[in-house]
Amino acid sequence: MGNSRAYPVFRTADAVEALAQALRLSALLAGRDDEVTLMADLLTVEDARRMAAALPDARFHHAKGRRDPATGDYLDFDLAIATAGHAALETELPLSVLHYVPRGTVEERFMRAVGRGMASIGLGGRWPDDPETDSCGSATYDGVEVMFNCADVNWSQPADHHTVFVHVDKYGDLPRAEKLAAYLGSTVLGAAQSGW
C-alpha cells in the first residue's frame, strides 16, 4: 500500500493563519473524511491541562514508553489531568495524544491548546481529478495536514513555525502540489516527504 507523499506548501509563525490555510485547501477536496486526526506532544503541565480541556474524551499517553522496573511491562498513563497535582503531573511528562474527532468540531480549540510541543491536524479526503495536470485523486492518500511547531510530517524537525502539507498518492504529484500551493499564493517549499 505505501505512504502518501507530502509536499510543504505554506509556512508561517502564526498558528491561526496556518490552520486557516489548511482549511482553505481542505475545502478543495472532492471528498472529505468524516473524521479529523489530532496529534500532539505535551511538554509542560500547562500544555497538558489546556489539551485535556480541549479534548476531554481523549486518552493521553507517555510520549516516551515507560516500563515497570520490576516486570518490564509498559506503564499506562492513568492520572486525571484536570485534577492531578502539578508535581505529580510534571513527573509524567512529556505526554502525547492521538485522537479522532468529527470534522469541524474542535480543530480551532485544539490549535489554541497546542503549546511548545509538536502537533498536527490531519484532514483526509480525495483531491478531484484534474485533467489539466493529468492528476487523479486517491481517497487512500490525499489530504491536508498542518504541523504546528514542526517543519516535517515525520515529527523529526521541531521548529518555531507551522507548516501546511498537501498529501497526494504514493508516487508523488508535484504538479498538483504546485497548483495547490499557488492557490494559497505560495510555492512548494521543499521536497516531498513520506506521509501517512
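Is Cys136 buried or exposed, at 53% relative accessibility? In this predicted model, Cys136 counts as exposed because its relative accessibility of 53% lies over the 50% cut-off. No disulfides are found in the structure.

The nonpolar interior was examined next. In soluble globular proteins, nonpolar side chains tend to be buried together. The largest nonpolar core comprises 48 residues, and within this core Met51 and Phe110 touch the most other members. When neighbours within four places in sequence are left aside, the contacts of Met51 are Ala40, Leu42, Phe60, Val97, Phe110, Ala113 and Val114. Another core, of six residues, lies apart from the largest one; Met118, Met147, Val153 and Phe165 are among its members.

Leu174 belongs to helix H5, which spans residues 174–183. Leu174 counts as partly exposed, because its relative accessibility of 38% falls between the cut-offs of 20% and 50%. Residues up to four places away in sequence not being counted, Leu174 touches Tyr7 and Val188. Leu174 and Phe110 are 64 residues apart along the chain, and a distance of 30 Å separates their C-alpha atoms.

Aromatic rings were also considered. The structure contains zero aromatic pairs.

How values were computed
Residues numbered from 1 in each chain as written. Predicted model: local features only at pLDDT ≥ 70, side-chain atom pairs only at ≥ 80, totals over all residues. Heavy atoms only, no water. Phe/Tyr/Trp six-rings, centres within 6.5 Å; stacked < 30°, edge-to-face > 60°. Helix = DSSP H or I, 4+ residues; strand = E, 2+ residues; numbered from the N terminus. Buried < 20%, exposed > 50% of the residue type's maximum accessible area, 1.4 Å probe, protein only. Contact = heavy atoms within 4.5 Å. Disulfide = S-S within 2.5 Å. Core = buried A, V, L, I, M, F, W, Y, C linked by side-chain atoms within 4.5 Å.
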